[in-house]
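Here are my notes on this one, as promised. Have the model open while you read, and go through the points in order.

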Amino acid sequence: ILYLLLEENRAHADIIQMDFQDSYQNLTIKTMMMMNWLSVYCSHASYGMKVDADIFVNVFRLVKHLRSSPRHSFITGSIISDGVPRRDSSSKWYLSKQQYPEDTFPWYVSGAGYVFSTDLAARISWASTHVHMIPLEDVYVGLCLQVLGVRPVYSRTLIPFRNLFEIQHLEYDRCTFAKLIIVNHFKPSELVHIWQDFSRYYASCSDSISNKKL
């Protein structure tokens, strides 16, 4: 595996290493280090995107959507506006009163996948110095946004009413996926197979609806 990583780095120079243990409980650290890296090395970019490894991303729909989106103080994804902390110690998302004394969360975007204007990277990094760290990285970003006075923006269609950032798992359907930006929960082999079909034929969905499935 190490050999393959070294070959990937030699060919594309696209591997970033940082000094922390990559675990679920450390996702907040990972996200804040990502924000800092973006602010230092990618400040010229218009947007950044955080996305989980099991997510299908429709880059064609994403680019089209961003062409009409703000380039400052902007963040969008699947918005959670009624989040509350889990107090059950057996829960994967457990937060104690000591970690987080409030009874509700501010608005935040699901960590499955979200997009933000790159200026927010440095501002979120700054805000993190004023917010007590919690292990729920997407909620933590929401807390930082609250400090900044930035509220996430919905990305959805009205007819039909649909969230473009789909965080539920859907069976692959090319023309359904063509209307969305992300879809959740796929194995790596599934993503490769889906992308081969989608990238080749998605344009056929512009004029007609197909029921073709893998």
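This is a predicted model: local features need pLDDT of at least 70, side-chain atom pairs count only at pLDDT 80 or more; totals for chains, interfaces and linings use all residues.

1. Start with E1 and strand E4 (residues 108-117): they run antiparallel and are joined by 5 bridges. Strands here are DSSP runs of E, at least two residues long, and helices are runs of H or I of at least four residues, both numbered from the N terminus. Two strands pair if DSSP finds at least two bridges between them.

2. Residues are numbered from 1 along each chain as its sequence is written, and side-chain values use heavy atoms, with hydrogens and water left out.

3. E4 also pairs with E3: 5 bridges join them, and they run antiparallel. Here Gly-77 stands opposite Tyr-114 in E4. The open sheet has 4 strands in the order E1-E4-E3-E5, with mixed pairing. Its edge strands are E1 (47-51) and E5 (153-154), each pairing on one side only.

4. How covered is E4? Mostly: 10 of its 10 residues are buried, meaning under 20% relative accessible area, with exposed being over 50% and partly exposed in between (1.4 Å probe, protein chains only). Helix H2 (residues 27-41) lies across E1 and E4, at about 10° to E4. Helix H4 (residues 119-127) lies across strand E3 (75-80) and E4, at about 120° to E4. These angles run from 0 to 180 degrees between N-to-C directions, using lines fitted to C-alpha atoms, for helices over the stretch in contact (heavy atoms within 4.5 Å).

5. Ser-73, at about 50°, lies in the loop between helix H3 (59-66) and E3; it counts as partly exposed because its relative accessibility is 34%. His-185, at about 70°, is in the loop between strand E9 (182-183) and helix H7 (188-201). His-185 has 53% relative accessibility, so it counts as exposed.

6. Last, Ile-15 sits in the loop between helix H1 (2-12) and H2. With 33% relative accessibility, Ile-15 counts as partly exposed.
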